[in-house]
Amino acid sequence: EGRDVLGQAKPGTGKTAAFSLPLLELCDEGDPFQAVIVAPTRELAVQITQEFNRLAKGTRLRAITIYGGAGMGGQIEQLQTGPEVIVGTPGRLLDMAGRGHLKLGRARFAVLDEVDRMFDIGFRDDIRRILDLCPRERQTLVVSATISPEIEELARQHMRNPEKIVTSAGSLTVALVEQHHLPVQLWDKRRLLLHLLTHEEPALTVVFCRLKRTVDDIAGRLNDKGIESFAIHGDLPQRKREQIFKKLKAGKLEVLIASDLAARGLDVDGITHVINYDLPDDPEVYVHRIGRTARIGRKGVAWSLVTPEQGKLLTEIEILVGQEIPKLEYPDFKPRPRPDNWKDTPPQGHVIVEGVPDKKGKSRHAIDLPAADPKKADPKKFPGGVVPTALPPKRLGGRTRTRR
């Protein structure tokens, strides 16, 4: 009907086909740059292009991918051939448009895939600029597995009276995943992960961590224990990422340690297990994670390592997925007592740093701070009620050059 659409469906239910098939019907062969599809990650952009071209077999319609982290020469040559559909990441799309190689003014269709993640990671301004370069008369489609009220409000600002479609069948994806949580103390998480991987022997496992440094650390420790593991996150060079995804799709990889963003677009049929080494702060991210398994109606397994202080977060996840996540215990796994040298992890976003002492035993940059009183804290200045009790760990320290 040509209306703008907000489409929401769980992972693995065919969102790519849901916008690719109509584009194949509506696009005219030989008319370049008719449709632009925006994706948050390089891997997802490549996956969308491959799926579109597979569906377009038998027609003359073509999609190409442009993304950052790769040479521009080859991508410019592809654009010069005048493909009907352009799939890309926001930064490279704007770059090509700014250089005059991509004419977004010809676009009749604009698709934003995984829009929640694009808004989360700071692409809001880029998306606005891309849509501003497209004609006002375009048809806009926004699709994602989760669309919060805030994301919906932002998306509607760039759309014309959109029709919102939420598929009820998407809940089957979560229902097909056998979910369990495993209570564990923070200092035992690595041991429990190793125990799971050596006792269960899953075929292909994706382990999700919240921080990039945790991804690298876990992958390194598993390799030291004889379990071949590969780490993937946003800081990994593009060539290395492509090598890992190639091994993954060829079935030559058993354990992948990943960050949430790097795993967007991870559409591999053979993933049997998902392990949440770190529970996500956003319960909706949990749905994205476990959706990496149970693709297209298949069954899968999801385990979550839950520390005592994460009970409330686990409850929020259970409310979102609409079911209780039962506890799973291993009688042969013996928890350790708290190590004598164990240091509690500071709250998220805060780092405990001790100053470098001088000869008198006191940091030369130390400043006496008044004790923080949470009752007097201004909630506008201290979101969440976390009041800093120390200065930032990195300061200029008097080493800045001046003109005097």
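Aspartate 132 and arginine 128 both sit in helix H6, 4 residues apart, about one turn of the helix. Helices here are DSSP runs of H or I with at least four residues, strands are E runs with at least two, and both are numbered from the N terminus. The model is predicted: local features need pLDDT of at least 70, side-chain atom pairs count only at pLDDT 80 or more, and totals for chains, interfaces and linings use all residues. Residues are numbered from 1 along each chain as its sequence is written, and side-chain values use heavy atoms, with hydrogens and water left out.

Aspartate 132 and arginine 128 form a salt bridge, with their closest N and O atoms 3.5 Å apart. The term means a side-chain nitrogen of Lys or Arg within 4 Å of a carboxyl oxygen of Asp or Glu. Aspartate 132 is exposed, at 52% relative accessibility. Arginine 128 is partly exposed, at 35%. Buried means under 20% relative accessible area, exposed means over 50%, and partly exposed lies in between (1.4 Å probe, protein chains only).

## Salt bridges across the chain

The structure holds 16 salt bridges. Side chains of opposite charge can pair when their charged atoms come close. One of the bridges joins glutamate 152 and lysine 164, at 2.8 Å from N to O. Glutamate 152 belongs to helix H7 and lysine 164 to strand S7, so this pair ties together parts that are 12 residues apart in sequence. Glutamate 152 is buried, with a relative accessible area of 15%. Lysine 164 is partly exposed, at 35%.

Another bridge runs between arginine 336 and aspartate 188, with the closest N and O atoms 3.0 Å apart. This pair links distant parts of the chain, 148 residues apart. Arginine 336 is in the segment after helix H13 (311-321), while aspartate 188 is in the loop between strand S8 (177-183) and helix H9 (189-199). Aspartate 188 is buried, at 2% relative accessible area. Arginine 336 is partly exposed, at 37%. Elsewhere, salt bridges that share partners join Glu152, Arg156 and Lys164 into one network.

## The nonpolar core

The largest nonpolar core has 33 residues. Such a core is a set of buried Ala, Val, Leu, Ile, Met, Phe, Trp, Tyr and Cys residues joined through side-chain atoms within 4.5 Å. The residues with the most contacts inside this core are Val36, Ile66, Leu79, Ile86, Leu93, Leu102 and Leu112. Elements giving two or more residues to the core include strand S3 (63-66), helix H3 (72-80), strand S5 (109-113) and H7. H4 gives the most, with 4 residues.

Phenylalanine 33 is in the loop between helix H1 (15-26) and strand S2 (35-38). Asparagine 161 is in the loop between helix H7 (149-156) and strand S7 (163-166). Phenylalanine 33 is buried, with a relative accessible area of 7%. Asparagine 161 is exposed, at 61%.

## A positive surface patch

Lys240, Lys246, Lys247 and Lys252 gather in a patch of positive charge on the surface. Patch residues have over 30% relative accessible area and no salt bridge, with like charges joined within 9 Å. Lysine 247 lies in helix H11 (residues 238-249). Lysine 247 is partly exposed, at 35% relative accessible area.

Definitions and conventions. Patches are made of residues with over 30% relative accessible area and no salt bridge: like charges are joined within 9 Å, nonpolar side chains (Val, Leu, Ile, Met, Phe, Trp, Tyr) within 5 Å. Accessible areas come from the Shrake-Rupley method with a 1.4 Å probe; for residues, only the protein chains shown count as cover. Lys and Arg count as positive and Asp and Glu as negative; His and the chain ends are not counted. The place of a charge is taken as NZ of Lys, CZ of Arg, CG of Asp or CD of Glu.
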